[in-house]
Amino acid sequence: MRYAKAGRGENRATVGVAAMPSNRLFDPPEGSLRKTVGRGALVIAVSQGVQIATQMASVLVLSRLLAPVDFGLMAMCAPVIALLAMLQNFGLVQATVQKKRLTAADVNFLFWVNMTFSVALAVFLLALSPLIAAFYDEPRVGPLIAAMSSTIVISGLGAQHGALLNRRMAFGLLAWLSVAGAVTTLGVAIAWALISPSYWAIFAGTLAGATIATALSWVFSGWLPGLPGRAPDMRGLLGFGAGITGFNLTNFFARNLDNIIIGKVWGSVELGFYDRAYKLLLFPLRQVSNPLSRVMIPALSRMLDEPDRYRHAYLRVLNLSLLLILPGVAWATAMADSLIPFMLGAQWQDSAPIFMALGFAGLVQPLNNPAGWLFISQGRSTEYMIWGFVTAGFAITAFAGGIYWGALGVAIAYAISEYAKTVPLWRYISRQGPIRSRDIATACGPLMVAGHLCLGAVWLLQGQISGSPLARLGINLAFSYGLFMLILLAFSAGRATLREAASLAAGQLRRARPV
């Protein structure tokens, strides 16, 4: 791959831009956006499956090679690393993806801002490492935290290159880069653990995976940074990033406050039951929504000048995701008493009612969470941040109100808060932009009704089916999906979603069929 060198009269911010037309560097490809989005969603889903498989393999293999204390030490570092990793991009990756007209000067400016933040946070983490070790009264945490600061710098090096690939909707490349990073992380960690079993094996795998992902993103993005320089729209870019960062901070706080409160008031056992239920239900939902956001945000950003097309694309993908997710969530929620001991063992039976309460939140989150695509793709990051504060307020109120009744009380209150914020969310976001709250009600209402009816039907049916636990779970799962589709047939919007799903499935089968 050839890279251009700046001539005498060129702006320094363009030094290192690859020798290809700027539209190929910074803009999405021409052609059918629908096909690009469809294929992108498919390859991202496949890569996500591979990454989940590597995570499971990591748990199974490393658990046999390393001691529990090694994982405990890494877990002590995880919250701080996660917070700083979230802060390091300052929302500038989304700025690169969303901006309508992106120049070489913009990208170069954002790269150096990312690097400045990354290095500053790494130095901050180095200085903080002795204090964290003292907080835990565990001297081994200090050097480990200090070493982990290197991964922040390495990830920052590749942030803008990955954002350029995302902006160009090079979803196939992004998928393979993610897989390469995940496989490298697992392979290096296992190799190190076989040679020298310790917590450093986990760190080595993390460092190697981040290095490979960053290096490959540099190679395939076709762009090299120049000397630090200014950009014409610096304030706009930084303002957009600040709004995204504000939302991420409030969301991080809200996502972790429940664990802190339950652990403080009720102790580790109660928190353990809550944590297993939460991760078994709500964590997989994010494994669906997060990859979809990588596809939808750049796609929707390109459609802002075509409101009808924007509306159709958003509702189409949202309804297809609800069709995929809601029957499964309804089934899992209704079958909690059987599903939890089957998946986790009889000792986790107390997690079942918590899981069921969280299941109701799981029925509404797939509708509400993709609202973030609208805020970001429309450049409304300040409103996004404000909504983050509102969401945090709902969460704090719920946790404070439910903690008296333990983890189950928190789970019930959290589910209620998810329903309570639905109407305000869609009224707030529909004040501007192509999507109106009535569009959501008309298009998605039938699917939400079907999801809740399926939950009730499966709960009533489960006691009528005999057989092994696996057979009962399988029969009820099939019943949930079948009933969901039957209910959708009663609504015109539901029938349209089923036709769309059938058309998409037929297209994938035709492409998969050997010539």
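Mentor: Helix 12 passes helix 13 in a right-handed crossing. The model is predicted, so read every value as computed from it. Helix 12 covers residues 336-344, and helix 13 covers residues 351-368. Their axes come within 9 Å and cross at roughly 120 degrees. That angle makes helix 12 oblique to helix 13. On the helix 12 side, the contact uses Ala-336, Asp-337, Leu-339 and Ile-340. They meet Ser-351, Ala-352, Phe-355 and Met-356 of helix 13. By class, this contact has six nonpolar residues, one polar and one charged.

Now the second partner. Helix 19 spans residues 469-488. The axes of helix 12 and helix 19 come within 10 Å and cross at roughly 130 degrees. Helix 12 is therefore oblique to helix 19. Here the crossing is left-handed. The class count is five nonpolar, one polar and one charged.

Now the setting. The protein chain has 20 helices and zero strands. Of its 515 residues, 50% are buried. Take contacts between residues at least 6 apart in sequence: 82% join residues at least 24 apart. The accessible surface comes to about 23,600 Å². Carbon and sulfur atoms account for 68% of that surface.

Notes
Residues are numbered from 1 along each chain as its sequence is written. This is a predicted model: local features need pLDDT of at least 70, side-chain atom pairs count only at pLDDT 80 or more; totals for chains, interfaces and linings use all residues. Side-chain values use heavy atoms; hydrogens and water are left out. Axes are lines fitted to C-alpha atoms, for helices over the stretch in contact, and angles run from 0 to 180 degrees between N-to-C directions. Helices (H or I, at least four residues) and strands (E, at least two) are DSSP runs, numbered from the N terminus. Angles under 35 degrees count as roughly parallel, over 145 as roughly antiparallel, 65 to 115 as roughly perpendicular and the rest as oblique. A crossing is left-handed if the near helix is turned anticlockwise from the far one by less than a right angle, and right-handed if clockwise. Contact means heavy atoms within 4.5 Å. Ala, Val, Leu, Ile, Met, Phe, Trp, Tyr, Cys and Pro count as nonpolar, Asp, Glu, Lys and Arg as charged, and the others, Gly among them, as polar. Buried means under 20% relative accessible area, exposed over 50%, partly exposed in between (1.4 Å probe, protein chains only). Accessible areas come from the Shrake-Rupley method with a 1.4 Å probe; for residues, only the protein chains shown count as cover.
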